[in-house]
Structure formats: C-alpha cells, structure tokens
Amino acid sequence: MTSELSRSDAVRAAAADAVPAALADLGALVRIPSIAFPGFDRAEVSRSAAAVEALLNGLGIFDRVEVKTAVVPATGEEGMPAVLATRAARNGRPTILLYAHHDVQPVGDETLWESAPFEPTVRDGRLYGRGAADDKAGVMAHVGALRALVAALGTDFDLGVNLFIEGEEEAGSASFAQFLQDNADALRADVIVVADSGNWDAVTPALTVSLRGNTRFTLGVKTLDHASHSGMFGGAVPDAMLATVKLLSTLWDDEGAVAVAGLAERDAPTPDYTEDTLRSEAGLPAGVSPVGRGTILSRIWNKPSITVTGIDFPSVKNASNTLTPELSVVISARVAPGQPAAEAFAAIEAHLRAHAPFGAELSFRDVDSGDAFLVDTSGWAVEKARDALATGYGVEPVDIGVGGSIPFIADLVREFPGAQILVTGVEDPHARAHSPNESLHLDTFRHALVSEALLLESLDATAL
C-alpha cells in the first residue's frame, strides 16, 4: 500500500501534467458565448452546458451526469441549463460539492477589447477572453483536479464527489434556490468548494472569508406628464434629469462615502494595502483620488457602497432641447457583512423617498437582493484547504474579504447548514472580470488546479 506522502506526490505530479489539457479545454469553452442575460441566445448557454457535460462524462467517475434546469419561482419560466454530476462516497469518506458557473458576462463595447472576446488569446502569461477567468477557469480547475486524482489514484477512490456547474450566475441565479430544493439529495455534501472568487495577488493564494451582500433595483423619477420645450419652460419646470442629479447626489458625502442612514458597517481588521496598489489594480489615474474613509480594504470589504450602473435617458446623438418628463436609473449597492440585504434596500428606499426634490414621483422596480456571507473558519476542512493551497502555490495562503457578492452562498448555507463552505478562486487582481480584456493569469491557474487536486486527495484519505 502506498504511503500518504507518495499519494500526495503522485497527485501533485499528475496535477502539473493535467494543466496543458485543462487550458486547451478552457479555450474551447471560452469560444462559446454563453451569456445568460435576457436578449442573448439561450442556445449558446445550452451548447456550453453540453460541452461541460461531455467533459464530466469523460472523467469516468460519476454515477450520473446530466444537464438540468429549474423553474424560476417569480416568473414560472425555465431557468438556464446547469450541469449536475454525482458520485457517492464509500467507506466512511466525506462528500465534496464542487461549484462553478459556465455562463459569462456580456462583452460590452467590443472596440475596447485588444483581441476578440470569444477567441482565447495568450499574451504575456495571460489567457484573454470573456469567461477565461470568471468562471470557466473555475470549471476547468475542478475538471483538471479530478483528472489528476484519477491519473494518480485510479477511478476506485472513496471520496464522494458532486459537481454543480451553474448556467445563470452572472444573470442573477434566478432559479438557483429552486434548483437546490429540487436536487437537495444529489447536492448534499460535507464540504462545498465555490471556485468563483480571487486571490491576494498573482502568487499568493487566498481563502475568501467574507463577502458583501448586494441589492440592485431600478429607480424611476418623474417630474412631468409629458415632454416640454426647454426654452419655453426651462427655469420654472424641473425636468427628470435635474431631479435625478440632485437626488442621487444625496447618496454620498463630500468624500464619496455612503451617506444613507441605516446602512451598517462591519468593524473588522484589514491587512495592509496601499493606495499605489489600489491604483494599479483598479486602474485609478494619478489625478483621481480614492473615495471614502478608513483603511482602503475596510472600504471595500466591510462598508457599504452605492453605484449607478445604468440610465435610460436620451443619448448624446438623440439630444434635443426638451425637458425630459421621466427617466430610469439602475442602482447597485453592496451591503456590509452582517446586515440583511432587504434591510439595506429598505434604508436606501427610505432615503431616496425622503430626499426626492421638487416633489418628484419615485418608483422602485426589479429589486434583486442577496445577503452577505461570513465563513466559519473553525472547521477541519478549512485547515486542509489552507495546507493544500500552501503546497500548491508554494506560498502560505491568506484570509481575505471580497467587496463583491455571491448571493447564492446564503442559499447553500440555508439548504445545507452542516456543510463547510470554502470559497476559493483562480482570479488575481488584474483579471478584469466583467470588464473588457478579461484574462486569466496562467501560473495562478496552474497553482489553483494543483491545490485543488491536493485537497481532493487529502479528503479522500479522511475518514469521518
């Protein structure tokens, strides 16, 4: 019988060997424009799901692999296709659920891309393409790690393995909670790995231990029953843009910090992080100052933020001398860990209603919220994950918070309260997920794949 040391060494070597094929398969996935947003071709999401299904079937380890959907409770419509694979544990070993998503963000303005968004392109040690990092790399980290486990140990290992590769995460996971309920027995696990976060930098791995919540909604502002001539009535009649500009300006103070009563902040220490690092990672020009107060990471990890992400108003091309009667803006807020997202939305709604200028009529629609998440770091799986990351990267991991949100984690906690949840990732701070020129740092991907393979081997050697 091989020793635990030789098992680990064999898996580590197999994982390193698995990287080229994993990257080739990642390139094939990136070529599929699997955008789950309304108005895009659903058939491409289905094609992406079929490609993932084929990859999982190719592992030869699962009792069942299938493409499945769930109904969106709010609308009764069919959700986007996900891929579910299951393998039962044996001989008292734990079961691990590996999560990632195969849908991607829209590309935005294609003229801002240096190479075609759905043509994977390698430049300077990075793989460029929409979904190359977020989150098709997460899919392939799972597949590559399992390939390594099979190459080193064969198919007759005892670890239970379930995979859930979602198809609508970027579009809001509308059917996620229903999918969990419909497939609870198949998804139930002792340990859940959510491969949809990031790392401290390109060489230092991280476990994400806190995530902000979010609430997003469309605000309508109306000041007139119909459009009017700006020369005839301007100066006496408020147009919708005037009211909106004044209203939105009340959301922040002069330092750019959120100024909404009832939005909470979390009091927690943060690591050192310089303004120079912020400028480099966020693309902040030298003449533009950061906003907010406190340490930079406390602003990102532990405090609320509010962003206007869209507006319906006549474009520059269509501008005319008209007082616009009404308009709509999309407001996206991040909620500090510890505060329910519904409570945060209520505070923002109350603030906007209280500060509406000139008696402007406000409406709120398309409200979508997700709660924040704090990881319990006391579990035995957390230490195994840290050990695997330290070995796979050759650098001790750090615990980080993330300013972004993964709302469905709250659904996982609710459905599987006894599971230990590990939030990992393949991204580095320069991945530009959701932006033009999204990319994957190739060495980070290699280390992430090796680390996950080592974690799987360690769990396979663990008796509950």
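The legends below describe close-up views of a predicted model. Local features need pLDDT of at least 70, side-chain atom pairs count only at pLDDT 80 or more, and totals for chains, interfaces and linings use all residues. Residues are numbered from 1 along each chain as its sequence is written, and side-chain values use heavy atoms, with hydrogens and water left out.

**View 1. Leu56 and Phe62 have the most contacts inside the largest nonpolar core, which has 62 residues.** A nonpolar core is a set of buried Ala, Val, Leu, Ile, Met, Phe, Trp, Tyr and Cys residues joined through side-chain atoms within 4.5 Å. Buried means under 20% relative accessible area, exposed over 50%, and partly exposed in between (1.4 Å probe, protein chains only). Helix α3 (residues 136-153) supplies the largest share of this core, 10 residues. Helices (H or I, at least four residues) and strands (E, at least two) are DSSP runs, numbered from the N terminus. Not counting residues up to four places away in sequence, Leu56 touches Phe62, Val65, Val83, Ala85, Val143 and Leu163; contact means heavy atoms within 4.5 Å.

**View 2. Asn302 sits in the loop between α9 (296-301) and β11 (305-312).** Asn302 is buried, with a relative accessible area of 1%. Neighbours within four places in sequence left aside, Asn302 is in contact with Glu265, Arg266, Ala268, Thr270, Leu297, Ala336 and Pro337.

**View 3. Helix α10 (residues 341-355) has 15 residues and spans 21 Å from its first C-alpha to its last.** This is close to the 21 Å expected at 1.5 Å a residue, where the expected span is 1.5 Å times one less than the number of residues. Ala341, Ala344, Phe345, Ala347, Ile348, His351 and Leu352 of α10 are buried. They cover an arc of only 160° around the axis, so they lie on the same side of α10; the arc is that of the directions from the helix axis to the C-beta atoms. The buried residues of α10 pack against β9 (213-222), α7 (240-249), β11, β13 (326-335) and β14 (361-370). Exposed Ala342 and Ala354 are on the face turned away from the buried side of α10.

**View 4. The largest cavity has a volume of about 160 Å³.** A cavity is a set of points on a 1 Å grid over the protein atoms alone where a 1.4 Å probe fits but cannot get out; lining residues have an atom within 4 Å of a point. Grid points are joined across faces, edges and corners, and a volume is the space filled by probe spheres set on the points. Of the 17 residues lining the largest cavity, Leu389, Thr424, Ala448, Ser451 and Glu452 are the closest to its centre.

Technical notes
On a 1 Å grid over the protein atoms alone, a cavity is a set of points where a 1.4 Å probe fits but cannot get out, and a pocket is an open set with protein on both sides within 12 Å along at least five of seven lines; lining residues have an atom within 4 Å of a point.
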